[in-house]
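These are my notebook entries on a structure I looked through today.

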Amino acid sequence: MRSCVRAVSGTAQRLHVAPVCGFQPLAVVARSLSFSPCQVTSDASFRSVSSGSDHPRVLITGGLGQLGVGLAKLLRKEFGKYNVILSDIRKPPNHVYQSGPFIYSDILDYKNLREIVVNNRITWLIHYSALLSAVGEANVSLARDVNITGLHNVLDIAGEHGLRLFVPSTIGAFGPSSPRNPTPDLCIQRPRTIYGVSKVHAELMGEYYHHRLGLDFRCLRYPGIISADSQPGGGTTDYAVQIFHDAVKTGKFVCNLRPDTRLPMMFIEDCLRATLEVLEAPAEVLGMRTYNISAMSFTPEELVREIRRHLPDLQVIYKIDPVRQAIADSWPEIFDDTNARSDWGWKHDYGLPELVQAMLNFTGSDSRMSQAN
């Protein structure tokens with residue numbers, strides 16, 4: 001379970017060859033300025049599956065992270081296996097490589113990314129490449145390159161080619177001066193991590209491109225995302241994934257947040273469905289371009305209590321990581337996602353009991369539960 005950035009894959013290892021190409025200069029800007037909402041090519045508009053017309057052609061960057069593989073599976077079921085291309089800078093495992101199209105793509109290589117979009121007739125671009133909160137604090141310069149320069153590349157390419165662009169944001173886009181309980185869509189945002197700063201930057205740049213150039217930009221602020229089929233990788237909310245692996249394997253867990261640290265959370269199935277729903281939503285129902293979404297909020301103590309209903313012998317020690325705790329203390333406790341629910345009908349399926357049951361099923365808790373009983 002991690003915030004939006006968990007969705008990303010590995011970091012770029014070839015920065016010395018990547019161009020410093022924030023905004024492409026006048027040539028791209030001139031091309032982008034020629035687009036308006038009514039001039040975007042027809043390929044860029046979503047065509048309903050039920051109408052029998054062509055499906056979107058989708059590229060997912062950072063596709064080997066927490067969310068990319070699962071979203072690709074969902075989109076391929078909806079639009080066809082060969083209409084969804086996963087991309088990353090890492091070698092995919094065999095089951096991912098065999099499940100559908102995969103291509104190498106470094107989001108810091110503008111020319112390569114542009115060629116991929118053109119050669120594969122991409123109409124939707126889902127940009128998951130980023131560094132997570134705790135990892136970003138350990139390497140700010142790399143996080144700045146990946147999270148900000150990479151964003152500029154996809155914005156310019158999406159604007160130039162009339163793509164529908166989805167960029168996730170996160171609870172990390174808020175800071176200690178933001179209202180925490182609840183946190184509305186529009187409020188003060190003063191994050192204190194490079195991850196959060198880059199996500200606020202992404203929200204504002206995407207909205208600017210939409211209003212100024214007609215870019216079909218869509219963004220969801222993810223809460224902490226919990227999934228069983230990927231390992232924790234540097235997110236502040238990752239404790240809520242690790243606890244299930246440790247509970248099943250050893251029956252012991254060391255938590256790096258205080259037991260009373262409340263954060264918004266969501267099961268991955270709800271997250272993926274919300275992403276597809278906002279991508280499919282008609283533009284006219286979207287009253288804004290960046291939405292909070294949420295399902296539940298809980299503390300480590302509440303999560304432990306629910307897990308112990310199934311694994312009563314679970315032992316938990318609290319060993320606070322001051323860096324992660326400081327990050328968590330600056331984030332929302334409860335997300336207000338009223339606008340998502342009213343504008344395009346968002347509704348979650350998984351609460352805390354359903355989440356815990358699903359995670360224990362995924363991580364193979366049957367044998368330990370039978371021993372406990």
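Entry one, a cavity lining. I asked which helix gives the most to the lining of the second largest cavity, and in this predicted model I found that α7 does, with three residues. I then noted that α6 (140-161) and α7 (194-213) each supply at least two residues of that lining. When I wrote out the residues around the second largest cavity, I had His-127, Ser-129, Ala-130, Asn-147, Leu-151, Val-167, Ser-198, Lys-199 and Ala-202. Sorted by class, this lining holds four nonpolar residues, four polar ones and one charged one. For the volume of the second largest cavity I wrote down about 50 Å³, and I also recorded that the model has two cavities of 30 Å³ or more.

Entry two, α2 with α9. Before starting I reminded myself that two packed helices are described by the angle between their axes and the distance between the axes. For helix α2 (residues 68-79) and helix α9 (residues 268-280), I noted that the axes come within 10 Å and cross at roughly 50 degrees. Which residues meet here? On the α2 side I listed Gly-70, Leu-71, Leu-74, Leu-75, Glu-78 and Phe-79, and on the α9 side Leu-272, Arg-273, Thr-275, Leu-276 and Glu-280. By class, the contact of α2 with α9 divides into six nonpolar, two polar and three charged residues.

I next looked up how helix α10 (residues 300-307) packs with helix α13 (residues 352-363), and I found an angle of about 60 degrees, with the axes 10 Å apart. The crossing in which α10 passes α13 is right-handed. From α10, the residues that make the contact are Glu-302, Leu-303, Glu-306 and Ile-307, while α13 brings Leu-352, Pro-353 and Val-356. By class, I counted five nonpolar residues, no polar ones and two charged ones in the contact of α10 with α13.

Definitions and conventions: Residues numbered from 1 in each chain as written. Predicted model: local features only at pLDDT ≥ 70, side-chain atom pairs only at ≥ 80, totals over all residues. Heavy atoms only, no water. 1 Å grid on protein atoms, 1.4 Å probe; cavity = no way out; pocket = protein on both sides within 12 Å on 5 of 7 lines; lining within 4 Å. Points joined across faces, edges and corners; volume = space filled by probe spheres on them. Helix = DSSP H or I, 4+ residues; strand = E, 2+ residues; numbered from the N terminus. Nonpolar A, V, L, I, M, F, W, Y, C, P; charged D, E, K, R; others polar. Axes fitted to C-alpha atoms, helices over the stretch in contact; angles between N-to-C directions. Left-handed = near helix turned anticlockwise from the far one by under 90°. Contact = heavy atoms within 4.5 Å.
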